[in-house]
Amino acid sequence: MAAAAFCLLGSLFAVAQFTNILVGRRGFRNMESREASQGTSNDSDITAVMGFSGFGKKARTFDLDAIFEQTRRTAIERSQRVLVERQQEVEQEMAAGSGPSGNTPPSSGPRQTPKDDSSSGSDSDSDSKLIGPPVPPGAGVDESEDEDEDDDDAPVGPPLPPGYRGSTADDDDEDENEDTKDEEDDNPVKRIPDTHEITLQHGGKTVSALALDPSGARLVTGGYDYEVKFWDFAGMDASLQAFRSLQPCECHQIKALQYSITGDVILVVAGNAQAKVLDRDGFQVMECIKGDQYIVDMANTKGHTAMLNGGCWHPKIKEEFLTCSNDGTVRTWDLNSEKKHKAVFKPRSLQGKRVMPTCCTYSRDGRLIAAGCQDGTIQIWDRNLSVHTKFHCRQAHAPGSDTSCLTFSYDGTTLASRGGDDTLKTWDIRNFKKPLNSASDLPSFFPMTDCSFSPDDQLLVTGTSVRKGEGNGKLVFFHRASFQKVYEIEVFDSSAVRCLWHPKLNQIMVGTSNGLAKVYYDPVKSQRGAKLCVVKNKRKERHAETLTQDYIITPHALPMFREARQRSTRKQLEKDRLDPVRSHKPEPPVSGPGRGGRVAAHGGTLSSYIVKNIALDKTDDSNPREAILRHAKAATNDPYWIAPAYAKTQPKTVFADVEAEDEEDDDEPEWKKRKI
C-alpha cells in the first residue's frame, strides 16, 4: 500500500509540473501576441518606405494549450494503469503464499480501472522493472532460472549405457593436437631452427672463433684478420652492424673465444703464448704471463712458452679457465692470479715423449679435463690430479692429424671428438677403449672445426669444409643414438668452420671461411636473439653528417678556372713583419779585416786574390794520355807547331824493325829470352 501511495504522489507531482509549464507558456503566448501586433505595425512602415510588405512567409504556429492538455491526460492515465497492475501482482503473490486454505486478505484502497486501455498501449519500459515490496520466499523466480541453466548444461536424450565412452569434436581436436606434439617430441629434426637466416659481416677472412654469453644477448666473433667484433642483438637494427671492433692480440690470429659462466668476462686465445681476458666492453682485465723458453721442464715455468691452440672456462668456477699450447702442456689459470698458472698437465705419448695438445675442454661438472693431442690420442685427467691420466685412448684418431674439437654432452656421459682425419666420433666415458659411433667423409681443412650437441642432447652437429670456389660447405646433423645423418644445411660458397647451438635461444651460429657469421633461427621455436634485430628498421642518416662527408666540386670552382682577384699586400707585409725569420735584416758586407768567421771582400791585392781562389778545385780528373791524343788528328793534318820548326834541322827518323827482333828472339834459347 505504501508503494501505491508513493506512485499516486508521483503522478500528482507530475500534474503540478505540467500546470506550471502551461502557465509559463500562456505568458509566452501573450508576449508573442504583443510582438505580432508590433510586427504588423512594422510591416506597414516597411511597405510605406521600401515598397514591399515583408521578408517572406510567416512561421507555422502551433496550439500549445491543446498539446499540453493532451500530455497531461496521458500522464495521468499511465500512472493509474501502472498502479492498478502493481496492486494486482501483489494480490496474486499473497494468494500464492497463503496456500490451499484460500484465506486471502482483503485488498485495501480503491481499485480504479483505466478509462481507455487502447489509447495508451505499451509506451514505457518501466513495466519490465519490479516496483513494490520484496518478493516473499517461495516465489521461485530465481530457482526457475537456475533450473533453466542446469537444463542447458545437462545432456539431451536418454542416458548413455554403462561402459560407453563417447568422443565429441572437441575431444578429437585435442587428441590431434596431442598427437602432433608427441610426434614433434619424438622427432628431434622438427626442432632444428633453420627456417630463417641472418648474415653478419665480420670481415674478409675466416671467422675462426664464436662466443655467446649465457643469456644470449651478445655475440663475439674473431677471425684470421686479428679482429674481434662485438654484436648486441637488442641494440642492432636491420643493418646488422657491430658496435665495437678491436685487435686485442695485435697481429695474431684469434683461435678461440668464450664467455664465462656469469657472462661478465671473455677469454681470448690467439696465436701468441699469452691468453687474455676482456670485459664485456672489450677492455683488458688480465693477461697471462709468458714462461721462460730456456727451462726444459715445463712444470717449472710460470706460463706457456709457445703458440696457444685452445682454451675454455670452467663450467662451475667463474674465476678459472684452461689453455693448451704447442709447448706440450695444458694449464689452468686463476683470474685473480696472473703471475703464475694454477696447475700443469703434460700429455705424454706411448714412449713417454712430449706431445702437443691441439684442443682442450672441461667436463660438464668440471671434474675432468680432456685434451686431444697431435699423435691422435685423447687424454683425460682428474682436475685435482695432474700427474697420471684417468682415461687414455691411444688410437682415437689418425696419428699426425690435429684433433680440432672435444665436447661433452649435457648429461656428461658422452664425449664427441672432431678429428683432422675427416671423422666425427662419440665415446662413452665409462668404456673409453672403443668409440660408440663414428662418421667419416667429413672434410676439415681448419684446425678449429668444432662440433656441438643440441639442447635436448639428441643431435650432434658439425661443419664440413670445401676448397674455395668448389662448392658449398654443410652443417651435418647426426642422431646421437643411431648416428644416422638426419639433416643438413648448406652454407653457400664457403666452409662451415665454427658452429654453436645456444640452448636458451635455440639458434645456431656458424662461422664461415669467407668472413661471415650466419645465424639460423625459427620465429616460433627460437627465443630472442636474432628475432630482436630483424624487426627494427634501419636508422636514417643525419643530414648534418651527410653534408659534412660529401664534398661537391663545381668546374668553375677549380683554381684553373677561377679568375685571379687583386689582393692587398699590406696584410701579408704585416704578417711578414711579425715573422722573426722573414723580417730579419741581412748583414752588411764586411769591411776591413774579417770577423765572426766571415772574410772581407777581396780587393786588388795579390793576397786577397789568393785567399779568394785558394779553395777552388781545379784538378783535372781526365786521363792525360787521352787529353794529349785528343789533338793528334789536328797535329797530323796541320803540323804547324812542331814539324815546320824542325824541318831543316831534324834528321831522318829511323825506327827499329820490330819483326826482326821477334824472329831473333824466337831463335834464341829459352834461357836467353827476356822474361816479361
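In the predicted model, an open sheet is built from four strands in the order 18-19-20-21, with antiparallel pairing. From one strand to the next, the twist averages 15 degrees. The pairing of strand 20 (residues 424–428) with strand 21 is antiparallel and extends over three bridges. Within this pair, Thr426 has Asn437 of strand 21 as its bridge partner. In a regular strand, side chains alternate between the two faces of the sheet.

A further antiparallel pairing is found between strand 24 (residues 473–479) and strand 25 (residues 485–491), which are joined by six bridges. Leu475 has its bridge partner, Ile489, in strand 25. Strand 24 and strand 25 form a hairpin with five residues between the strands. In this hairpin, Phe483 adopts a positive phi near 60 degrees.

A nonpolar patch on the surface is formed by Leu606, Tyr609, Ile610 and Ile614, which together present about 460 Å² of accessible area. Of these residues, Tyr609 is located in helix 9 (residues 606–613). The relative accessibility of Tyr609 is 49%, and Tyr609 is therefore classed as partly exposed, since the exposed class requires over 50%.

Notes
Residues are numbered from 1 along each chain as its sequence is written. This is a predicted model: local features need pLDDT of at least 70, side-chain atom pairs count only at pLDDT 80 or more; totals for chains, interfaces and linings use all residues. Side-chain values use heavy atoms; hydrogens and water are left out. Patches are made of residues with over 30% relative accessible area and no salt bridge: like charges are joined within 9 Å, nonpolar side chains (Val, Leu, Ile, Met, Phe, Trp, Tyr) within 5 Å. Accessible areas come from the Shrake-Rupley method with a 1.4 Å probe; for residues, only the protein chains shown count as cover. A salt bridge is a side-chain nitrogen of Lys or Arg within 4 Å of a carboxyl oxygen of Asp or Glu. Helices (H or I, at least four residues) and strands (E, at least two) are DSSP runs, numbered from the N terminus. Buried means under 20% relative accessible area, exposed over 50%, partly exposed in between (1.4 Å probe, protein chains only). Two strands pair if DSSP finds at least two bridges between them. Axes are lines fitted to C-alpha atoms, for helices over the stretch in contact, and angles run from 0 to 180 degrees between N-to-C directions.
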